[in-house]
Amino acid sequence: MKINSSILTVVVLLPVFASISVAQETNVAVAEVSTVPAPDEPLSLWYRQPAKQWVEALPIGNGRLGAMVFGGKNEERIQFNESTLWVGEPHDYSHEGAANHLGAIRKYLFDGKQKEAEQLAMKEFMSVPLRQRSYQPFADLWVDFPGHDRATDYRRELNLNEAIARTTYKVGDVSYVREIFASAPDNVIVMRVSADKPRKVSLGVRFYCPHPGTKLTSPSRSELALSGRMPDSIDGKPLTNPLKFNAGLQVYINGGALESDESHIKVTDANTVMVILTAATSFKDFRDVSGDPAKTCPKILRAAKAKSWSDLRAAHVEDYQKLFRRVSLDLGGSIKSSLPTDERLKQAPKTNDPGLATLVFQYGRYLLIASSRPGGQPANLQGIWNESVKPPWDSKYTCNINTEMNYWPAEVANLGECQMPLFDAMDELVISGRETAKNHYNARGWVLHHNFDLWRGTAPINNSNHGIWVSGGAWLCQHLWWHYQYSGDRQFLKRRAYPVMKEAALFFVDFLIEDPRNDKHWLISTPGNSPEQGGLVAGPTMDHQIIRDLFSNVIEASKILDTDEELRAKLTEMRGRIAPNQIGQHGQLQEWLEDKDEPDNKHRHVSHLWGVYPGQDITWQTTNFFNAARQSLIFRGDEATGWSMGWKLNLWARFLDGDHAHLILGNLLSPSGQGKGSGLYPNLFDAHPPFQIDGNFGATAGIAEMLVQSHLRDEKGNYVIHLLPALPSAWPNGSVRGLRARGGFEIEMSWKDGKLTAAKLRNAVPGRKAILRYGESENEVTSAGMK
Ligand code: FUC
């Protein structure tokens, strides 16, 4: 082992063992509709025909604006979103007086009267109103290209290295290029159309908006604007402050002529055309909707006006690549394929295609950058992309797995700042969650149940049999802690993380009660629920795992910050009394206090395995529980919806079983409806179905978890960085650069014939120690820091 002054370098030289079969060539000959070759950039999704459906279109986004690009030949549809366009208005959803019924609900549960408990809770304990509000589509930008239905040599692609969607084709002897991207630095979506011959670009531009009463205007000859308001009543109940929204676009031509009326702009015979689009709402924060989008949009457009196409493009690419290029991955096999992405996906179940896994890994990173940037909203159930005014599950934030899964890849895949929107939302959830803690539980601190929306609803929604689940806030706190663990940023811990974590823990200090049904003196969570399984209960395993994790993290944080000694003692004492994990009659990890799991239950939720991943209650060091948890996962099976496969993938990685993890990944990387799992749509969006983005993020996190794990520590508190803990035999050769481990380390490593050949740890913090684990061997290493 060699340590140099600027980086810590560990070179592992191992004998080359008997050969493991090398990944097969992925390109399979099929009848082609066109002979257009793959784009040069290997990290591309690409197709030989326009998108017919939304899940074939290609997503772009800058964290605030998102769009789906269809690439139609004579009609381009750019369906766009803005992350704050939601139905509803500022509102406190908590149920005043609910806490008066808490004792009775608990008593029913202790007396075995679940139905009575659920009925009483339904009447007296739920969110007001019972449902939260939905995320909305904004509008479509349509661009007409008269005569281009005759296009030949057609290709559309999404270049993940530059975050640019591009459509290229020929009409006669003229070659056309359309490029479109969502720029974070300039806050706009930009499209440019060019041709290889002069004066050949003619097109028409128009808006379509799905919301009734929207007004279209033309502020100048080269501009179009759209303005509207969200519904002013819901279910017959009036709202006083629904959101206002505006979108604006400006068309720039080089050569040619431009004419317009209120709803169209027509360009004839230009050399190139550029369209700049932006959108905004009156949303300022969850209690303030006094913004004026009619002013915001022109301001953004004016600022972008000063820049040329190439300046806008260069600023976008530079900004994006600062994030995206931090990680490079090679799992063997070629990322580039001569097959278009939709065809490649169809072949995937029949081939071993590590290049596709690499593409999907990087696509998840791309999607996170596109849907979650500092200053914006967190990625919702569909990221930032939504076509429907009635989206599935309102396209909001579901916190009993989905929202957290969106952020699983953030730290390990080196996009820590993409978690900031989640942390901003949590600051607001603390405010609304205090009302819910007080009104529902007569407790201090803050609580979040299984959903929130733009208005930061925190009360239990939908139905008492699954909505009363108190662990949403505590689970989100794990992300604050992770951000601290991966960055080592003490100021972040002190200023942002600890106050929120501490108040979440305070809630549970007041909420946990001693189980009166036996004399074990265990503290339990009740009323509670193991998400979507078994109804309202006292003491689901998942709650206890999450609360233990929160308490542990608050205890450690308070030590690091040298504060709150008394609270620390209290949490330490209580943590030891929280009902422990238990092994049941089938050798399974019990989902509840009672040993009542059904071995043939194949439900997608695997909540009681939280303690394996994302938690660390149960690890390979706690053998009995580890085996029981694995047994539970075997009972649940290998097939499921996208997010469930994302979870199972991470679980199998934590079970150190690379081949099983790869099998699950294979179920995810198959065409929707055709494989053993729910699969992916042609644009590689997770097909829950319908589209739900968590499966994409779960896949990215899971692939990383197969390559590196860092959740364990030695007795001195050093992180154990486990290299290649779950490498499948299908990826015998490969390399990765830029994955992160707790402690602030960045990893660079390569492997051959299934064995690690070299590893480098880069560390921004000099003098930090880590334990490097590979196979059964462990070495202590110290960083000299990075220059
Ligand atoms: C829960 C899950 C569904 C879906 C929804 C958003 O109801 O069981 O699969 O993810 O949340």
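Let me first state the conventions. Because the model is predicted, local features need pLDDT of at least 70 and side-chain atom pairs count only at pLDDT 80 or more, while totals for chains, interfaces and linings use all residues. Residues are numbered from 1 along each chain as its sequence is written, and side-chain values use heavy atoms, with hydrogens and water left out.

I begin with the ligand. Which residues are around the ligand? They are Leu-381, Trp-393, Thr-398, Asn-402, Glu-532, Arg-604, His-605, Trp-643, His-688 and Gln-692; a residue counts as near if one of its heavy atoms lies within 4 Å of the molecule. By class, this shell has three nonpolar, five polar and two charged residues. Here Ala, Val, Leu, Ile, Met, Phe, Trp, Tyr, Cys and Pro count as nonpolar, Asp, Glu, Lys and Arg as charged, and the others, Gly among them, as polar.

Turning to polar contacts, the cut-off for a pair of N or O atoms is 3.5 Å. An N or O atom in the side chain of Glu-532 is 2.6 Å from an oxygen atom of the ligand. For His-688, a polar side-chain atom is likewise placed 2.6 Å from a ligand oxygen atom, and for Gln-692 the value is 2.8 Å, again to an oxygen atom of the ligand. The protein covers 94% of the 290 Å² of accessible area that the ligand has on its own, by the Shrake-Rupley method with a 1.4 Å probe.

Trp-393 is not a glycine, yet has a positive phi of about 50°; Trp-393 is placed in the loop between α6 (354-371) and β22 (397-398). The peptide bond from His-688 to Pro-689 is cis, with omega near -15°. The peptide bond from Pro-689 to Pro-690 is cis as well, with omega near -5°. Pro-689 lies in the loop between α16 (658-668) and α17 (694-707), and Pro-690 is in the loop between α16 and α17. Helices (H or I, at least four residues) and strands (E, at least two) are DSSP runs, numbered from the N terminus.

Next, the sheets. An open sheet of nine strands runs in the order β3-β8-β9-β10-β11-β20-β17-β14-β13, with antiparallel pairing; two strands pair if DSSP finds at least two bridges between them. Its edge strands, each pairing on one side only, are β3 (44-47) and β13 (215-217). Neighbouring strands of this sheet are turned by 15° against each other on average, direction ignored; axes are lines fitted to C-alpha atoms, for helices over the stretch in contact, and angles run from 0 to 180 degrees between N-to-C directions. Helix α3 (residues 293-305) lies across β11, β14, β17 and β20, at about 25° to β17, contact meaning heavy atoms within 4.5 Å.

A further open sheet has seven strands, ordered β4-β5-β6-β7-β12-β19-β18 with antiparallel pairing.

I close with a hairpin. Strands β31 (residues 745-752) and β32 (residues 755-763) run antiparallel and are joined by eight bridges. Ile-747 stands opposite Leu-761. Two residues separate the strands, and Asp-753 in this hairpin takes a positive phi near 50°.

Definitions and conventions. A polar contact is a pair of N or O atoms within 3.5 Å; within protein, one must be able to donate a hydrogen and the other to accept it, and residues adjacent in sequence count only if both atoms are side-chain atoms.
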